[in-house]
Amino acid sequence: MIRFVQSFFVKSAVEPADYPASAYPEFAFAGRSNVGKSTLINLLTDHHGLAKISSHPGKTRLLNFFLIRYKVQDSDSVGFLQLTDLPGYGFAEVGQAEQEKWRKMIGKYFEQRTQLRSIIVLVDIRHPADKKDIQMLELLRLRNIDHCVVATKADKIPKTKIAKTTKELAKELGLKEEPLFPVSALHNTGLEPLFAWIYSKLSS
Ligand SMILES: Nc1nc2c(ncn2[C@@H]2O[C@H](COP(=O)(O)OP(=O)(O)O)[C@@H](O)[C@H]2O)c(=O)[nH]1
Ligand SMILES: [Mg+2]
């Protein structure tokens, strides 16, 4: 199993020319604003405040890159990977022009980030599958980009309902092979399968 032992904010960028030049395998977090992307990055890295949790004005519309040093447990193997906090979608008050900017920024990232391994799409476990999330997943399938889904805020529904809700969500989202991991940042639960999945993508 893998653990993230050190984490650094590298930079924010919009244009590919400004992405960090390093070629480490990269995993990006996508999802609606407020779904819990930054919180999950902080939790995985055990680095409180690494990805700003409260939407920091200015940084929320950018790609935020983080460098992670990881260790494979029960071995001496260490290495680096990168995480990207993608700008959230689905803010109601955002106009057409802003949405178009977002689409271009994400499009370029998916197309040009050659070391991109997988996208982690976050959805809120409390809500039925959302149109914007379905569109994101369709885009990933269309572009043949590997991905999984994390259902956040699992602490907000009764424990007994998690399995059933996860199954329903997977169906609504049209998931096939892609896994869906329920996670609670509040209770720090559900991270193991996600770490295992990331590890599997590093070694494949
Ligand atoms: N109860 C609960 N709250 C969460 C969880 N994950 C995130 N949140 C809260 O949801 C809000 C938005 O989280 P944030 O990480 O900023 O979302 P982002 O906009 O997707 O980056 C914050 O108030 C978090 O504390 C979770 O698993 N459980
Ligand atoms: Mg955020």
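## Loops, core and ligand shell of a predicted model

Asparagine 188 is found in the loop between strand S7 (180–182) and helix H5 (191–203); helices (H or I, at least four residues) and strands (E, at least two) are DSSP runs, numbered from the N terminus. This is a predicted model, in which local features need pLDDT of at least 70, side-chain atom pairs count only at pLDDT 80 or more, and totals for chains, interfaces and linings use all residues. Residues are numbered from 1 along each chain as its sequence is written, while chains are lettered from A and ligands numbered from 1 in the order in which they are written.

Although asparagine 188 is not a glycine, its phi is positive, about 55 degrees. Aspartate 46, in the loop between H1 and strand S3 (63–72), is not a glycine either and has a positive phi of about 55 degrees. A residue is buried if 20 or more other C-beta atoms, placed from the backbone, lie within 10 Å of its own, exposed if 12 or fewer, and partly exposed in between.

| Residue | C-beta neighbours inside 10 Å | Class |
|---|---|---|
| Asparagine 188 | 11 neighbours | exposed |
| Aspartate 46 | 13 neighbours | partly exposed |
| Alanine 13 | 17 neighbours | partly exposed |

Alanine 13 belongs to strand S1 (residues 2–13). Not counting residues up to four places away in sequence, alanine 13 touches Asp18, Tyr19, Leu62, Leu63 and Phe65, a contact being two C-beta atoms, placed from the backbone, within 7 Å.

The largest nonpolar core has 41 residues, and Phe29, Leu40, Val121 and Ala151 have the most contacts inside it. Two or more residues of this core come from each of strand S2 (26–31), H1, S3, strand S4 (78–85), strand S5 (116–124), helix H3 (131–142) and strand S6 (147–152). Such a core is a set of buried Ala, Val, Leu, Ile, Met, Phe, Trp, Tyr and Cys residues joined through C-beta atoms within 7 Å. Beyond four places in sequence, the contacts of alanine 151 include Val123, Thr166, Leu180 and Val183.

Helix H2 (residues 96–112) lies largely in the open, because one of its 17 residues is buried.

Ligand 1 is surrounded by 18 residues, the closest being Gly36, Lys37, Ser38, Thr39 and Ala185; a residue is near if its C-beta atom, placed from the backbone, lies within 6 Å. Helix H1 (residues 37–45) gives the largest share of this shell, three residues.
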